[in-house]
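Me: I am new to this structure and would like to learn how to read it. Please take the features one at a time, with the general idea and then the case here.

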Amino acid sequence: MKVLLFFLLVLWSVPVMPEAAPCDARSAVLKAMERLSPNNARLWLDMESADGRGRVQMRSMELEAEQEAGFRRLQIELTAPEALKGVRITARSENGDLPVAEVFMPATGRVQKMRIEQGSISLMGSELPVGTWFQEASTSLVYIDEGRTEWEGVKVRRIRVVHGSDLGWAYFYLREADGSLLYLERYNKEDKPTATAAFEAYPLANDAEERLWPAQIRLKNLSSGEQTLLVIRKGLWPIKS
């Protein structure tokens, strides 16, 4: 579950894209991520995860996120399996402060509140690395447009994003038709692949400003062998506060 939550919250933390030329590589990547973001939206999700030993876990959840005038809130509530139904994680942040998280466990009826530092929260056996979820996109990233190519028969634009602090790099494959993110490959500083994400069954966008969620996302941790399939059953955007 940690991979899914970290991934969703990273998407949520992508800042609003500044004005730039449409062909700019940085703008293209940030726009694709912004359109995937669950900000000011509600999503109904199913998740199937398998560890390196083949053990499978199933989860269903509802995610709701909002952002307005320096205030951010994200809430994830599990709806299945029955043993975890009603577990709710809510995180809030104001004016860029470290977020405050509340974890509600229906079995005890108690709410645990904590300010998130640079550590992590242990919940249901999973380490949730929430310390970086609310950080803005790094200014040390370098965006390199490597031109047009094909990925699984689809014409795409490949952009390499390199972290200036020697923390590795990633390839973003954006569909030429509408700029949506189709595939992501991440590498460490030794140029070894560490993770992939495939975004499948997108609709074609009619409006460049609308949210664009794929029907499912496949995540792979190449180091641990963990795999996650995320199915987006329904999405609602925008939502009112």
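Reply: Strands pair if DSSP finds at least two bridges between them. Here 7 bridges join β10 to strand β11 (residues 169–175), and the two run antiparallel. The names come from DSSP runs numbered from the N terminus, with at least four residues (H or I) for a helix and at least two (E) for a strand.

Me: What should I know about the model and the numbering?

Reply: The model is predicted, so local features need pLDDT of at least 70 and side-chain atom pairs count only at pLDDT 80 or more, while totals for chains, interfaces and linings use all residues. Residues are numbered from 1 along each chain as its sequence is written, and side-chain values use heavy atoms, with hydrogens and water left out.

Me: Which strand pairs with β10 over 9 bridges?

Reply: Strand β9 (residues 141–151) does, and its pairing with β10 (residues 154–163) is antiparallel. Val142 stands opposite Val162 in β10. The two strands form a hairpin with 2 residues between them, and Glu152 in the turn has a positive phi of about 50°.

Me: Where do the side chains of a strand point?

Reply: In a regular strand they alternate between the two faces of the sheet.

Me: Which strands pair with β15?

Reply: Strand β1 (residues 41–50) pairs with β15 (residues 227–236) in the antiparallel sense over 9 bridges. Glu48 stands opposite Leu229 in that pairing. Strand β14 (residues 216–221) is also antiparallel to β15, joined by 5 bridges, and there Lys220 stands opposite Gln227. The hairpin of β14 and β15 has 5 residues between the strands, with Gly225 at a positive phi near 85°.

Me: What does the buried Arg35 contact?

Reply: Lys and Arg count as positive and Asp and Glu as negative, with His and the chain ends not counted. A salt bridge is a side-chain nitrogen of Lys or Arg within 4 Å of a carboxyl oxygen of Asp or Glu. Arg35 has none, as the nearest side chain of opposite charge, Asp178, is 5.0 Å away. The side chain of Arg35 does reach the backbone oxygen of Asp178 at 2.8 Å.

Me: How many salt bridges does the structure hold?

Reply: There are 14. In one of them, Arg42 meets Glu64 (2.7 Å, N to O). This pair links distant parts of the chain, with Arg42 in strand β1 and Glu64 in strand β2 (residues 56–68), 22 residues apart. Glu64 also meets Arg73 at 2.6 Å, N to O. Glu64 counts as buried at 18% relative accessibility, and Arg73 counts as buried at 10%.

Me: How is a pair of aromatic rings described?

Reply: By the distance of the centres and the angle of the planes. Rings of Phe, Tyr and Trp (its six-membered ring) pair if their centres lie within 6.5 Å; planes under 30 degrees apart are stacked, over 60 edge-to-face, and the rest tilted. A search of the whole structure finds 6 aromatic pairs. Trp169 and Tyr187 have ring centres 4.1 Å apart and planes at 5°, so they are stacked. Trp169 is in strand β11 and Tyr187 in strand β12 (residues 181–187), 18 residues apart. Both are buried. Tyr171 and Tyr187 are edge-to-face, at 6.2 Å centre to centre and 90° between the planes.

Me: Which residues form the aromatic cluster?

Reply: Trp151, Trp169, Tyr171, Tyr173, Tyr183 and Tyr187 form one cluster.

Conventions:
Buried means under 20% relative accessible area, exposed over 50%, partly exposed in between (1.4 Å probe, protein chains only). A polar contact is a pair of N or O atoms within 3.5 Å; within protein, one must be able to donate a hydrogen and the other to accept it, and residues adjacent in sequence count only if both atoms are side-chain atoms.
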